[in-house]
Amino acid sequence: MIETRRPGVPSQGEVASMGAQLSSFADEAARARILGAYDKAMAFWPEPRGQRDVSTSFGTTRVHTYGGGPGTPVVLLHGQSATPAEWAPHVAVLGEGRPVLAVDRVGDPGYSTQSAPVTTAQDTANWLEEVLAGLGLERAHLVGHSYGGWVALNHAARRPARVASVAAYEPPRALAPLRPGFLLGAVAAMVSGSEKFQRRWFTGLIGDTGAAPEEAEAQMRLSLEALRGFRVRLLPPPRMTDEELRSVTAPALILLGGANRAMDSTRAAERARRLIPDVRAEIVPGAGHGIPVKVLNSRVPEFWREAEAAQGGRA
């Protein structure tokens, strides 16, 4: 387990400079456009859907909820600027017999409100630990995509007590460096004023996930609005060290797109197998950086059953 540290109370001088370190909407008009697109994308979630707000040292975190039952709860961690709306095609399947809780991360565009900067990997783990504690979860399966996959693995290394298992699809920089071409494309998409270029870049990055066209368009519109109208001050996901990966003792499932543009999937899978004690690292042929709906909906519940059997029914 990696040594932990609670976030300290900032001094007056730190408070004065804190605003520059917080993510924010560009203005009220951008906020209205982004949250409008967020609400339209969330409309694809199954019903009944609930929501809770959890207070943390870093701000108030919105959590969307679905389902119930005796199974170990699952906590969903979205990618950067994706919001919990991206889990719409997965919630009903993952919520069979267990509660689903999708976290709206502070520092991303959505209904969470950030009040303190998240500047280190330890801050990220402390924030999520406060969310899990505020939800009253003693144990939970963590499922993350992209940045959320890094958050899940980081948490399993630094604050493992509540982690029943961790499943990460395409966690950036956790296992392998980002490709230079991906970084250049991301910067170009951010500074470009052309929606046509931005759509083309996002489409090439995400690949064909199998999501319904109207649902995919709602996600695309949300990403485009966020790209233009939200100032992101998130911690770039640091490379996880060998020690940190060895500290992930919970059962782990790593899924990587065979055609992804972000990183070398073979290199990432090999490093995961070498360092994470109880890992299943799998490359999904032809998949990009977006989550293939059928793959995740079949493989993750299967992984939970495998982990449960190995742990004598505890998972």
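Author: A nonpolar core is a set of buried Ala, Val, Leu, Ile, Met, Phe, Trp, Tyr and Cys residues joined through side-chain atoms within 4.5 Å. The model discussed here is predicted.

Reader: Which residues touch the most other members of the largest nonpolar core?

Author: This core has 49 residues. Helix H5 (residues 147-158) gives the largest share, seven residues. The members that touch the most others are Val-75 and Ile-254.

Reader: Leaving aside neighbours within four places in sequence, which residues is Val-75 in contact with?

Author: Val-75 belongs to the largest nonpolar core. Its contacts beyond four places in sequence are Leu-101, Val-103, Leu-132, Leu-137, Ala-140, His-141, Leu-142 and Val-143.

Reader: How many residues are in the second, separate core?

Author: Ala-37, Ala-41, Met-42 and Ala-88 are among its members. The count for this second core is 33 residues.

Reader: Is Gln-198 buried or exposed?

Author: Gln-198 lies in helix H7. Buried means under 20% relative accessible area. Gln-198 has 1% relative accessibility, so it counts as buried.

Reader: What does the side chain of Gln-198 make a polar contact with?

Author: Leaving aside neighbours within four places in sequence, Gln-198 is in contact with residues including Ala-189, Ser-192 and Leu-224. The polar contact, at 3.2 Å, is with the side chain of Arg-228.

Reader: Which helix supplies the largest share of the lining of the largest pocket?

Author: The pocket has a volume of about 1400 Å³ and is lined by 47 residues. The largest share, eight residues, comes from H8.

Note on methods: Residues numbered from 1 in each chain as written. Predicted model: local features only at pLDDT ≥ 70, side-chain atom pairs only at ≥ 80, totals over all residues. Heavy atoms only, no water. 1 Å grid on protein atoms, 1.4 Å probe; cavity = no way out; pocket = protein on both sides within 12 Å on 5 of 7 lines; lining within 4 Å. Points joined across faces, edges and corners; volume = space filled by probe spheres on them. Helix = DSSP H or I, 4+ residues; strand = E, 2+ residues; numbered from the N terminus. Buried < 20%, exposed > 50% of the residue type's maximum accessible area, 1.4 Å probe, protein only. Polar contact = N/O pair within 3.5 Å; in protein donor to acceptor, adjacent residues only side chain to side chain. Contact = heavy atoms within 4.5 Å.
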